[in-house]
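Subject: Structure for your review

Dear colleague,

Please find below the structure that I am handing over to you. My findings are set out after it.

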Amino acid sequence: MIKNQVQAHFQIALQAAQTAGELPDVGAVGVDILRPKQAEHGDYSTNFAMVLAAAVRKAGGANANPRQIAQTLIDHLPNPEDNQPGLTYLIGGVEIAGPGFINIRLSDEWLQTQVTAIIRQGEQFGSIDRGQGAKWQVEYVSANPTGPIHYGGARNAVLGDSLANVLTAAGYAVQREYYVNDAGTQFTAFAETLYARYLQHFGQEEPLPENGYQGEYMVEYARKIAEAHGDQFLHVARETAVDALKPIGRELVLGELQTELLRLGVQFDNWFSEQSLYKDGVVDLVLEDLDQRGLLTRHDGAVWFRATEFPKNDKDEVVIRSSGAHTYFAGDLAYHYDKFERRKFDHVVNVWAVDHQGHVPRMAAIMQALELDPDRLTILMYDLVRLVRDGEEVKLSKRAGNLITINDVVEEVGADAVRFNLLTRSPESTIEFDLDLAVTQSNDNPVYYVQYSHARICSILARAAQEDFVDLDQLLASDQAMLSQLAHPSELTLIRVMLSLEEQIDMAVDKLSPHNLPHFAMDLARTFNAFYRDCKVVDAGNLELSRARLLLCRAAKVALERVLALIGVSAPETM
């Protein structure tokens, strides 16, 4: 990362000052490189001299004035004449501010060279090696396979999918997983509802189960099963029919879920069946181990996990009901054992809706009971989505039958608008999704503004190519001296903003949320449009400058495509 390269300059300066006897050896001192709050203070800032001053005072050194130490560091900063191997010379200027801060400016010459560097990196532009191949899993959506996903679940899907993109860009080996709850009571209720609708399809009177699903989609599922399998389930016992309908209904729902999520640009590496934990004996294995270690107890005819043995848990959890049926909690125990002990993930992120926050303490208890570090599991909570049309909230009720699905919203506003808008706020914030604004073709609509900016860049490059103005591919391999003409403040600002993408990726990993990226995309689009306003790109009277600016446009296209790809939004070439 650029800030790491700046950091290396100051570490070298410290070593040189110590070798010259101008600063004492105070041991290891880290260099924090930060972005100043005000752009006029430079590209970066560091309090390194002030930290060193404290260390010098502690060691009994005579020279502990932060401003003097700052000047000493500046005097020993490396420069190109030093020809140090492996060091990129990118600092153009430094100045001391306040009690000893050092403000740092990147050199114009180095910034200019980054135009072709961005183009060459292409789809990998902005990638960092923070993860160093660590094996991470992001598990998201994981709605019960009992029907379509309501539109609120789109936030889960978009958040998890974009986070997986970001983690991959940061150098982690990421697996995307959907946990299919196909072994619990709700799935049984789904199968019983499906059986009732199946009987009704053939004209038989059959009430829906008390805890059944009221949605009209169940009628459609029954119709499809009747078309595929005829009336064969009318001629077997009820229990046999319900059991037979479970796998049929499961595959029917999962097939539609895959199609529905694919329309939103969401695909999974693995669809993990809860049933497999029972078939493979993982549930029994984990419960037996917990029992041997005294973490299970029995009363009221049920088997309980002693969650109260762990912090922030004020009640024990049932793992086997008095009926002999296992609970979801038993599945969760086995599922996380499978993730960490069998599949060896270094870290797992589970994306959950805020109404599940009461379950977070018990997840920490699960990790501790399995003798795993709780910090290796992150529960990423997201708040609700309010769907608004004509200024009024659109209500929904899954059980009442008026389900508004992801498909409904995607059909109305498009997948790009859904993804972009659902990522503009931090996960813990409520989102008000304005359906009217999402389809507005104006600068008030952020996704339209960003995509239109990309289309504008494509139009500029296409026009230059049609006029045989320049062959950019050939230009990339030619002398780069022309890039030294990129000296206008709007040109250099655009390069600076593009180069900050790696920090945006790093920030998204810090927060385990990519909500900063849509705002970065808008900032990048605004910065490009300001450059295009201030600088004439295609100018037959100044070929060298025009070619340099066309290369800058090409780099901006790469950068904008990259950030849009990270959030799963398309980059259209025409609009």
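This is a predicted model: local features need pLDDT of at least 70, side-chain atom pairs count only at pLDDT 80 or more; totals for chains, interfaces and linings use all residues.

The largest pocket has a volume of about 1200 Å³. Its lining comprises 41 residues, of which S142, A143, A353, D355 and H356 are the closest to the centre. Two or more lining residues come from each of α5 (153–169), α11 (328–342) and β10 (347–353). By type, the lining of the largest pocket consists of 18 nonpolar, 14 polar and nine charged residues.

The second largest pocket holds about 640 Å³ of space. It is lined by 25 residues, and those closest to its centre are R35, P36, D43, S500 and E503. At least two lining residues are supplied by each of β3 (101–106), α18 (489–499), α19 (501–511) and α20 (516–534). The largest share, five residues, belongs to α19. The lining of the second largest pocket divides into 11 charged, eight nonpolar and six polar residues.

K312, although not a glycine, has a positive phi of about 65°. K312 is located in the loop between β8 (302–305) and β9 (317–320). Its relative accessibility is 79%, so K312 counts as exposed. E371, likewise a residue other than glycine, has a positive phi near 60°. The loop between α12 (360–369) and β11 (377–382) contains E371. With a relative accessibility of 63%, E371 counts as exposed because the cut-off is over 50%.

Yours sincerely

Notes:
Residues are numbered from 1 along each chain as its sequence is written. Side-chain values use heavy atoms; hydrogens and water are left out. On a 1 Å grid over the protein atoms alone, a cavity is a set of points where a 1.4 Å probe fits but cannot get out, and a pocket is an open set with protein on both sides within 12 Å along at least five of seven lines; lining residues have an atom within 4 Å of a point. Grid points are joined across faces, edges and corners, and a volume is the space filled by probe spheres set on the points. Helices (H or I, at least four residues) and strands (E, at least two) are DSSP runs, numbered from the N terminus. Ala, Val, Leu, Ile, Met, Phe, Trp, Tyr, Cys and Pro count as nonpolar, Asp, Glu, Lys and Arg as charged, and the others, Gly among them, as polar. Buried means under 20% relative accessible area, exposed over 50%, partly exposed in between (1.4 Å probe, protein chains only).
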